[in-house]
Amino acid sequence: MTGILVGGAAMTAALGTCALRPWLRSRRGFGSMADEATFATLHTISRASPSLRGGLNRDSARKAARHLRTLLGVEAVALVAAAPVDDPHADPHADPHDGPPGDPEDGPGRLLVWDGAGGSRHAWAVLHHARPVLESGRLRVIGPDVLSCEDARCRIRVAMVAPLSVQGRVEGALAAYGGSASAARVRAVGELARWVSSQLELAELDSSRARLAEAEMRALRAQISPHFVYNSLTTIASFVRTDPERARDLLLDFADFARYSFRNPRDFTTLADELRSIDRYLLLERARFGDRLQFSVEVAPEVLPVALPFLSLQPLVENAIRHGMADAREPFRIQIVARDEGAEAAISVEDDGVGMDPGRLREILAAGPLSAGRDRRGGAGIGLANVDERLRQVYGDEYGLTVETAIGAGTKVNLRVPKYSPGVFPD
């Protein structure tokens, strides 16, 4: 049976027959056998999912392996990563002196965990068994002629090794060791490996989203830095000799604003803190523009503690000043309003500036913040696009921005924030 290559199919029936039988004997009375099998499978899968959503590494493998072994009903389970053993980037948390013995020869693969019986006798050979699977991407069954050991009591006689693939790349392997390799059990290993692969794909997607969010925040900060920082420091410098006390106060306001703006981009904040930062920002801009810039804030006390993504409102205010004023000599007014609307806080930022072409604004919001940042014509909308994208990511598409604008008619940006949303808490 050495080196047999087979395909995979339906895990549910296989798990119901070969993996859950011991558990079912102790759960009589829960319902029908099918009900009990379904419940047990779903419960075990739910226990394994969270760790796998962190990606394939030694820590996640350790946490998931026991549940995978329970699902398959085998003597032992091993998880292998496809990265070479000598790759320092394969698992930054790994301890080379920790875990089961690895393969001394050079080649692809890193043994992450052996869970179950027989590790002292069989774990050393896992990489030999997994490497053909890592190279071919096909499930492999290894028979007793290869796995037999000197211990007559050892119940490990066969191994079933299935690939773990992410976006068409073989990222690792799941190896199940037991006493027999029935067709149902082989199918179960193949289907379980596909389910593990789907969790790893979701982990990669989560990581991509996190990288995108960080890139968007860098774009947003790049919008703040070259314009506002330079202009603020120039304004403060102009007061150093004529009004040193005011220069000192403005410098403290600038420090507070900068400290807030460059905190962890994944943080959430409160509406009160966001408005406090906006107050510092407007004071600095007022020092620059004088009486040409006028603003008012109207906030219901009930919504001040509401949590929202960090830097959700300040970009809207900055966008209004940078592009709404457009070198006009007439007074420019901004009004910020936050109202209590039951389960939500309704917030608006309105100005009486030059406005925008609605069609162009729709293009900017549809393209997203990074595209807007690359497009010179999108400068008027990068802040809007960034906030819109982040609100949708956190709360869902129904919580994106709505914008009322027309050329020469000013701009009003509206957003809604749930007073409570799972996982959204001010840091």
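Helices H10 and H11 cross in a right-handed sense. In this predicted model, H10 covers residues 271-289 and H11 covers residues 314-324, and their axes lie 10 Å apart at an angle of about 20 degrees. That angle makes H10 roughly parallel to H11, because an angle under 35 degrees counts as such. On the H10 side the contact uses Glu274, Ile278, Tyr281, Leu282, Glu285 and Phe289, and these meet Gln314, Val317, Glu318 and Ile321 of H11. An α-helix has 3.6 residues a turn, so residues three or four places apart point the same way.

The loop between strand E9 (307-309) and H11 holds Leu311. The phi angle of Leu311 is near 55 degrees, a positive value in a residue other than glycine. Most residues other than glycine have a negative phi. Leu311 is also buried, with a relative accessible area of 0%.

H10 has another helix partner, H9. The axes of H9 and H10 come within 9 Å and cross at roughly 140 degrees. H9 and H10 are therefore oblique to each other, since the angle would have to be over 145 degrees to count as roughly antiparallel. H9 passes H10 in a left-handed crossing. From H9 the contact takes in Arg246, Leu250, Asp253, Phe254, Asp256, Phe257 and Tyr260, while H10 supplies Asp273, Glu274, Ser277, Arg280, Tyr281, Leu283, Leu284 and Ala287. These residues divide into eight nonpolar, one polar and six charged. Glu274 and Tyr281 of H10 are listed in the contact with H9 and also in the contact with H11.

Asp253 sits in helix H9, which spans residues 244-261. Leaving aside residues up to four places away in sequence, Asp253 touches Arg280, Leu283 and Leu284. Asp253 counts as buried at 15% relative accessibility, because the limit for buried is under 20%.

The next topic is the aromatic residues. The structure holds three aromatic pairs. One of them joins Trp114 and Tyr177 in a tilted arrangement, with 4.8 Å from centre to centre and 40 degrees between the planes. This pair links distant parts of the chain: Trp114 belongs to strand E3 (residues 110-116) and Tyr177 to strand E6 (residues 169-178), 63 residues apart. Both partners are shielded from solvent by the accessibility criterion: Trp114 is buried at a relative accessible area of 12%, and Tyr177 is buried at 0%.

Helix H6 spans residues 126-136 and contains His128. His128 counts as partly exposed, at 35% relative accessibility. The C-alpha atoms of His128 and Gly109 are separated by 9.2 Å, and the two residues are 19 positions apart along the chain. Elsewhere in H6, Val126, Leu127, His129, Ala130, Arg131, Val133 and Leu134 are buried. Just after H6, Gly137 takes a positive phi of about 75 degrees.

Helix H8 runs over residues 183-239 and includes Val186. Val186 is buried, with a relative accessible area of 9%. From Val186 to Val141 the C-alpha distance is 8.0 Å, although the two residues are 45 positions apart in sequence.

These details belong to a protein with 14 helices and 13 strands. Buried residues make up 47% of its 427 residues. Of the contacts in the protein with a sequence separation of 6 or more, 69% come from residues 24 or more positions apart. The Trp114 and Tyr177 pair, with its separation of 63 residues, gives one example of a link between distant parts of the chain.

Key:
Residues are numbered from 1 along each chain as its sequence is written. This is a predicted model: local features need pLDDT of at least 70, side-chain atom pairs count only at pLDDT 80 or more; totals for chains, interfaces and linings use all residues. Side-chain values use heavy atoms; hydrogens and water are left out. Rings of Phe, Tyr and Trp (its six-membered ring) pair if their centres lie within 6.5 Å; planes under 30 degrees apart count as stacked, over 60 as edge-to-face and the rest as tilted. Helices (H or I, at least four residues) and strands (E, at least two) are DSSP runs, numbered from the N terminus. Buried means under 20% relative accessible area, exposed over 50%, partly exposed in between (1.4 Å probe, protein chains only). Axes are lines fitted to C-alpha atoms, for helices over the stretch in contact, and angles run from 0 to 180 degrees between N-to-C directions. Angles under 35 degrees count as roughly parallel, over 145 as roughly antiparallel, 65 to 115 as roughly perpendicular and the rest as oblique. A crossing is left-handed if the near helix is turned anticlockwise from the far one by less than a right angle, and right-handed if clockwise. Contact means heavy atoms within 4.5 Å. Ala, Val, Leu, Ile, Met, Phe, Trp, Tyr, Cys and Pro count as nonpolar, Asp, Glu, Lys and Arg as charged, and the others, Gly among them, as polar.
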